[in-house]
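Hi there,

Here is the structure I promised to pass on. Please open it alongside this message, and my notes follow below.

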Amino acid sequence: MSEPTAYLTVPTTEGRVQQAYRALRILAEAQTVRLMVTPEPCALLLDELASACTALQSGSAGLTCVILDFGASPRQSEAGGLSGAGCRPGGGEAAKLRNEAERAAALVRAVPQPVLAVVRESLSEAASVLVRAADLVLVAREASFVAPVGGVRGPGRLSGEQAMRLGQATWLAPARQLDRKLEEVLALLRRSSATALRQAKTAVRLALRSLSPVEGLPSSPWLEPGSFSLPLPTEDEDEEARRLRESRARLEALRRVNSFYLSEVSRSVDAQEGLRAFLEKRAPRWQQQQE
């Protein structure tokens, strides 16, 4: 059996637990964790990615971002390349690979921090499923991945420029400038409160659970299928009934987010620090910067 090639150390109530991985490469950086994924992930890598995302659901309070980095980069070369032991690119039966990708994507969505996908080259369908589960997407102009396209039956392969134009990517940059753009994005996130970033993601989830999907628009990466709490439209619904249903959904979303703000956000240490820093006209000192 191959020796582990990467480790993820996770704090728990009983101390720090170190998890070992054979295919997944992990790089811990300032307030971030980078999970390096091949453009054609195999079943073993997808299984280990799911395990790492499960571990990140606890004991990662100081992180401002989790990065899914697809493709070769200087940092991946420093960490030992991309191909893990016992993992052939795209290896495994198609059905098994698809199931593993969907399971990993569900756990990517469940990571409490913002998840940033970095797309450096053309990705397989399995890797594309993971990209669509991320909250933020930075894509190289020359790269491509598979995503749903409004008005077209089934997913299609989008270039970086098409993904940006259709709302499937957050930032676009030439491949040679991708790492510079990535550092700009990470600098922006690192200046923010880790607590506020987690709470903002939670608030979005709460709101979207009250809103039905809009036909022709990309589905939300924060929401698992079938998680809507209000009735979906029926075939015989008229215009007045539709407006009433949508108004009730928006009110319910507002109620949930307002309740979360009053019970969680406004009571956090960083919320109080942000208010004090504003009144004292100074830069805030967030919790993760003091740990």
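What share of the 291 residues in the chain is buried? Buried residues make up 42% of them, where buried means under 20% relative accessible area, exposed means over 50% and partly exposed lies in between (1.4 Å probe, protein chains only).

Before the details, please note that this is a predicted model, in which local features need pLDDT of at least 70 and side-chain atom pairs count only at pLDDT 80 or more, while totals for chains, interfaces and linings use all residues. Residues are numbered from 1 along each chain as its sequence is written, and side-chain values use heavy atoms, with hydrogens and water left out.

The chain has 9 helices and 10 strands; these are DSSP runs numbered from the N terminus, with helices being H or I of at least four residues and strands being E of at least two. Among contacts (heavy atoms within 4.5 Å) between residues at least 6 apart in sequence, 62% join residues at least 24 apart.

The axes of H3 (residues 94-110) and H4 (residues 125-133) come within 9 Å and cross at roughly 15°; the axes are lines fitted to C-alpha atoms over the stretch in contact, with angles running from 0 to 180 degrees between N-to-C directions. That crossing makes H3 roughly parallel to H4, a term for angles under 35 degrees. On the H3 side, Leu97, Ala101, Glu102, Ala104, Ala105, Val108 and Arg109 meet Ala126, Val129, Leu130 and Ala133 of H4. The residues of this contact divide into 9 nonpolar, no polar and 2 charged; Ala, Val, Leu, Ile, Met, Phe, Trp, Tyr, Cys and Pro count as nonpolar, Asp, Glu, Lys and Arg as charged, and the others, Gly among them, as polar.

H4 is largely enclosed by the rest of the structure, because 7 of its 9 residues are buried. Among them are Ser128 and Val131.

H9 (residues 269-279) is also worth a look. Its buried residues include Asp270, Glu273 and Ala277. They cover an arc of only 55° around the axis, so they sit on the same side of H9; the arc is that of the directions from the helix axis to the C-beta atoms. Helix H7 (194-208) is part of what covers the buried residues of H9, whereas Phe278 and Leu279 are exposed on the face turned away. After H9 comes Lys281, with a positive phi near 55°.

Best wishes

Terms used: Angles under 35 degrees count as roughly parallel, over 145 as roughly antiparallel, 65 to 115 as roughly perpendicular and the rest as oblique.
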